Amino acid sequence: MANIVIVGTQWGDEGKGKIVDLLAEYADYVVRFQGGNNAGHTMVVNGEQFISHLVPSGILQGKICFIGNGLVVDPEVLVEEIDYLTGKGIAVGPENLKISERAQVIMPYHKMIDNAREKMKGDKKIGTTGRGIGPCYEDKACRRGFRFVDLLDEAGFKEKLDTVIPEKNFYLKEFLNDEPVDADAIYSQYSQLAKRLAPYVANISVELYDAARQGRQILFEGAQGTHLDIDHGTYPFVTSSNTVSGNACCGSGIGPKEITGVTGIVKAYTTRVGAGPFPTELSDDIGDAIQKKGAEFGATTGRKRRCGWLDLVILRNSVRLNGITGLVITKLDVLDGLESLNICTGYEYKGKLIKDFPASLDVLAECQPVYETHPGWAEDVTGIRNFDDLPENAIKYLRRIEELADAPIHIVSVGPGRDETIVLKNEFV
Ligand code: GDP
Ligand code: IMO
Ligand code: MG
């Protein structure tokens with residue numbers, strides 16, 4: 001019996017969706033445990049592309065999918081996503097998709113506050129996805145949020161809205177110079193959404209406990225990446241949840257002893273969307289070439305992703321923070337044809353070598369990446385399905401990553417399709 005957590009090791013968009021879809025074949029349950037529709041996870045099956053923001057990426061494999069208590073859920077987006085998947089012929093209903101009754105609900109004012117704050121910050125903005133993620137987690141922490149269970153209690157929902165809205169309107173109008181919201185309009189819109197989603201609402205924790213007792217296999221699908229974690233990332237240029245594997249327990253309601261492995265997804269180079277430090281960023285032709293070849297555009301906002309070399313300082317940080325038992329290297333094919341490749345092995349700060357990721361952004365801003373250079377390969381790797389058939393220099397690049405990260409590579413991805421994959425080890429079997 002295996003229960004595996006999948007996390008992003010960099011700044012998101014490592015290819016988690018593809019790998020969750022691939023490994024979901026061996027799982028009975030697939031569970032999201034944090035974040036919201038700031039995530040955009042892409043799956044490509046038989047040439048057809050699917051993007052999910054809230055519904056776990058196990059849905060295409062027909063698995064039971066849970067949206068855990070650790071998420072902030074925009075009910076309008078969830079309904080749209082259920083309809084989108086259904087429209088593509090994917091069966092989605094209360095029998096295979098369940099939302100935790102304790103998951104927080106993103107309200108219209110969360111989105112307005114997120115966007116108005118970013119506008120006010122000007123060039124100091126974080127570059128959020130504008131989906132209301134931060135303001136919703138804020139309300140959760142200060143105990144004025146709405147959970148799905150609160151939405152289902154019509155009278156209680158109305159009463160609580162009437163206490164929350166005046167405060168929100170004061171902030172929107174007086175501080176953010178924005179329009180106020182209308183409590184009655186929100187009540188009527190959200191009551192309708194609650195009616196539609198009511199059959200999906202369940203106690204996920206109890207269901208997962210029973211599943212684990214029966215020896216069922218569970219896959220926990222992380223969103224964002226370790227360096228967007230609210231505690232361990234490049235604060236304040238982070239998202240508002242814990243993205244590390246430890247939160248799989250908190251965010252779904254299971255105990256830590258149920259987790260048997262942690263898979264860290266690593267893009268063969270580095271990307272980042274939005275603002276914030278990025279020591280190995282490439283602002284030259286190579287960066288542009290990787291961006292184009294890798295089609296590096298955000299799956300949620302369509303923004304161009306910033307690109308750079310692989311950074312082993314951040315990968316080692318991720319191996320430690322998540323307790324990673326296996327790595328998946330994605331998008332190796334994007335590096336085909338490069339004459340040489342750089343791996344950042346440390347940072348130079350004021351003449352000294354730093355091997356651990358600094359907490360201070362001022363220190364980070366003064367860090368210069370220290371690179372070792374590896375020869376590239378000319379071959380197209382997309383058709384390769386056996387590790388040993390990879391070009392010699394690609395194998396050397398991958399082996400060096402294992403060595404520096406001190407973690408074994410379990411899977412190599414050589415294209416976006418489910419089948420464009422080299423599996424060395426599958427922790428589910
Ligand atoms: P996620 O947020 O971690 O699920 O990643 P995204 O879906 O936002 O971004 C990853 C992008 O890379 C998607 O467009 C995937 O289809 C694509 N992708 C995943 N693995 C590979 C790969 O090995 N090679 C190539 N070329 N594309 C890949
Ligand atoms: P997936 O799951 C990449 C980034 C945003 C911004 C910061 C805060 O697809 O890997 P937020 O809206 O969360 O308050 O924005 O976090 N961000 C992501 N970047 N992939 C994601 O998700 C992201 N989710 C949030 O760009 O810099
Ligand atoms: Mg993404």
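Predicted model: local features only at pLDDT ≥ 70, side-chain atom pairs only at ≥ 80, totals over all residues.
Local features need pLDDT of at least 70 and side-chain atom pairs count only at pLDDT 80 or more, while totals for chains, interfaces and linings use all residues; side-chain values use heavy atoms, with hydrogens and water left out. Residues are numbered from 1 along each chain as its sequence is written, and chains are lettered from A and ligands numbered from 1 in the order in which they are written.

User: How many salt bridges does the count come to?
Analyst: Side chains of opposite charge can pair when their charged atoms come close. The rule here asks for a side-chain nitrogen of Lys or Arg within 4 Å of a carboxyl oxygen of Asp or Glu. Run that over the model and you get 26 salt bridges.

User: Which residue does Arg-117 form a salt bridge with?
Analyst: Arg-117 sits in helix H3 (residues 108-121), and its partner is 21 residues apart in helix H4 (residues 133-141); helices are DSSP runs of H or I, at least four residues, numbered from the N terminus. The closest N and O atoms are 2.9 Å apart. The partner is Glu-138.

User: Which helix holds Asp-184, the residue paired with Lys-158?
Analyst: The side chains of Lys-158 and Asp-184 meet at 3.4 Å, N to O. Lys-158 is partly exposed, with a relative accessible area of 26%. Lys-158 belongs to helix H6, and Asp-184, 26 residues apart, belongs to helix H7 (residues 183-197).

User: How much of ligand 2 does the protein bury?
Analyst: There are 20 residues around ligand 2, Lys-16 and His-41 being among the closest; being near takes a heavy atom within 4 Å. An N or O atom in the Lys-16 side chain is 2.7 Å from a ligand 2 oxygen, and a backbone N or O atom of Gly-40 lies 2.9 Å from a ligand 2 oxygen. Taken alone, ligand 2 exposes 550 Å² (Shrake-Rupley, 1.4 Å probe). The protein buries 98% of that.

Terms used: Helix = DSSP H or I, 4+ residues; strand = E, 2+ residues; numbered from the N terminus. Buried < 20%, exposed > 50% of the residue type's maximum accessible area, 1.4 Å probe, protein only. Polar contact = N/O pair within 3.5 Å; in protein donor to acceptor, adjacent residues only side chain to side chain.
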